Amino acid sequence: MKVIVTGGAGFIGSALIRYLIKNTDCTVLNLDKLTYAGNTDNLKEIDDSPRYQFVQCDICDEVKVREIFSTFEPDTIMHLAAESHVDRSIDAPLEFVRTNVLGTANLLHCALNYYQQLPEEKKAIFRFQHISTDEVYGSLGKEGFFKETTPYDPKSPYSASKASSDHMVRAWGHTFKLPVLLSNCSNNYGPYHFPEKLIPLIILNALDGKPLPIYGKGDNVRDWLFVEDHARALWQINRNGKPGETYNIGGNSERTNLEVVESCCKILDELVPKAESYSKQITFVADRPGHDQRYAIDASKLKRELNWEPLTRFEDGLRATVKWYLDNDWWWRPIREKNYAGERLGKGGK
Ligand code: NAD
Ligand code: DAU
């Protein structure tokens with residue numbers, strides 16, 4: 001199998017490529033623009049494999065994307081490239097519309113053009129797989145779960161752009177019979193997570209003796225999934241999912257943000273003890289504008305139809321993640337020094 005992974009230099013895309021190279025005999029082409037969030041160091045574990053290649057490319061670039069399709073001749077495409085940080089979508093929403101909406105439409109356009117000239121036996125294998133988020137469903141109260149049939153109700157520029165891209169993908173599937181697959185996943189965590197997101201930001205700020213910022217009261221709830229469980233789900237969906245279908249992916253691990261931050265502090269207290277607990281650095285700060293209260297995924301369809309379930313308990317995955325950051329400062333130190341030092345993003349009101 002020849003697989004194009006878009007956004008393969010990001011957090012989840014790189015986990016997916018590491019998974020594909022280590023666990024399958026696929027050949028992988030990583031198509032990535034290398035924005036601030038893309039980092040080829042994320043692929044160091046596998047980048048000398050003869051089955052891996054990288055092309056720097058913007059998914060909005062029609063000429064270059066067409067050329068990649070015609071020279072690489074993929075059997076499937078897994079589309080993860082996106083602007084992914086809610087706070088940045090509050091500061092600069094148009095880049096989210098450009099990449100997530102127009103970029104996805106351009107990829108669909110180029111993929112369809114390529115798909116239409118494939119022989120029937122190649123058409124039967126080809127999939128356009130779109131990787132999306134639970135945030136498209138909006139925000140839950142105390143009760144209930146997002147199902148695949150939950151109506152869309154995105155509330156941030158990020159989630160609105162992802163919702164829009166999901167609609168584009170379904171439209172290409174419906175109108176042009178492109179064999180599309182969609183999945184909507186909850187919050188991921190794990191190694192190589194860019195330190196603008198809650199868990200890595202907290203770990204690195206804690207080690208630096210800086211405040212650990214909690215938006216609002218810290219009672220917002222997220223459903224956490226270890227990134228390697230997500231990568232496994234994506235490949236299972238790609239090979240065995242039914243074209244046109246959507247699958248929700250979740251960790252069955254709901255936690256308030258305060259619980260997550262306190263758990264990080266507890267693990268650090270044990271692994272790198274100092275005079276005072278790291279939890280003394282917790283600081284409550286102004287809330288994120290439009291902050292979604294709770295996300296929770298019902299992933300029973302994926303379990304029932306494709307026999308997938310998360311294998312990593314949140315407590316084990318979090319401990320492994322903290323240890324990974326402690327052991328891999330070669331990876332995060334240059335990012336914190338040159339790209340993003342942990343300053344507050346997305347306050348709004350400019
Ligand atoms: P990320 O921000 O870590 O990585 C995004 C990657 O896309 C980067 O390598 C970046 O360089 C690349 N990219 C951005 N714009 C591009 C463009 N115009 N052309 C080509 N490449 C471009 O994101 P992530 O957290 O790995 O998320 C990957 C996908 O999974 C996204 O589509 C996101 O919406 C979705 N998702 C993320 C989570 C999560 O918890 N992180 C959960 C559910 C779904
Ligand atoms: O649910 C899936 C989504 O999860 C993905 O689609 C997004 O790409 C991904 O970034 C993530 O979005 P969140 O907004 O949930 O993740 P983030 O890590 O930014 O924030 C997690 C929670 O922690 C959220 O309620 C906001 C809060 N938070 C975040 C930061 C960065 C804080 O309290 N303090 C912080 O400094």
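A polar contact is a pair of N or O atoms within 3.5 Å; within protein, one must be able to donate a hydrogen and the other to accept it, and residues adjacent in sequence count only if both atoms are side-chain atoms. The model is predicted, with local features needing pLDDT of at least 70 and side-chain atom pairs pLDDT 80 or more, while totals for chains, interfaces and linings use all residues. Residues are numbered from 1 along each chain as its sequence is written, chains are lettered from A and ligands numbered from 1 in the order in which they are written, and side-chain values use heavy atoms, without hydrogens and water.

**View 1. Polar contacts of ligand 1.** The side chain of T99 places an N or O atom 3.0 Å from a nitrogen atom of ligand 1. A polar backbone atom of I12 is 2.7 Å from an oxygen atom of this ligand.

**View 2. Polar contacts of ligand 2.** Oxygen atoms of ligand 2 lie 2.7 Å from an N or O atom in the side chain of N187 and 2.9 Å from a backbone N or O atom of Y215. A polar side-chain atom of R288 is 2.7 Å from an oxygen atom of the ligand.

**View 3. The shell around ligand 2.** There are 24 residues around ligand 2, and R288 and H291 are among the nearest. Strand β8 gives the most to this shell, with three residues.

Conventions:
A residue is near a molecule or strand if one of its heavy atoms lies within 4 Å of it. Helices (H or I, at least four residues) and strands (E, at least two) are DSSP runs, numbered from the N terminus.
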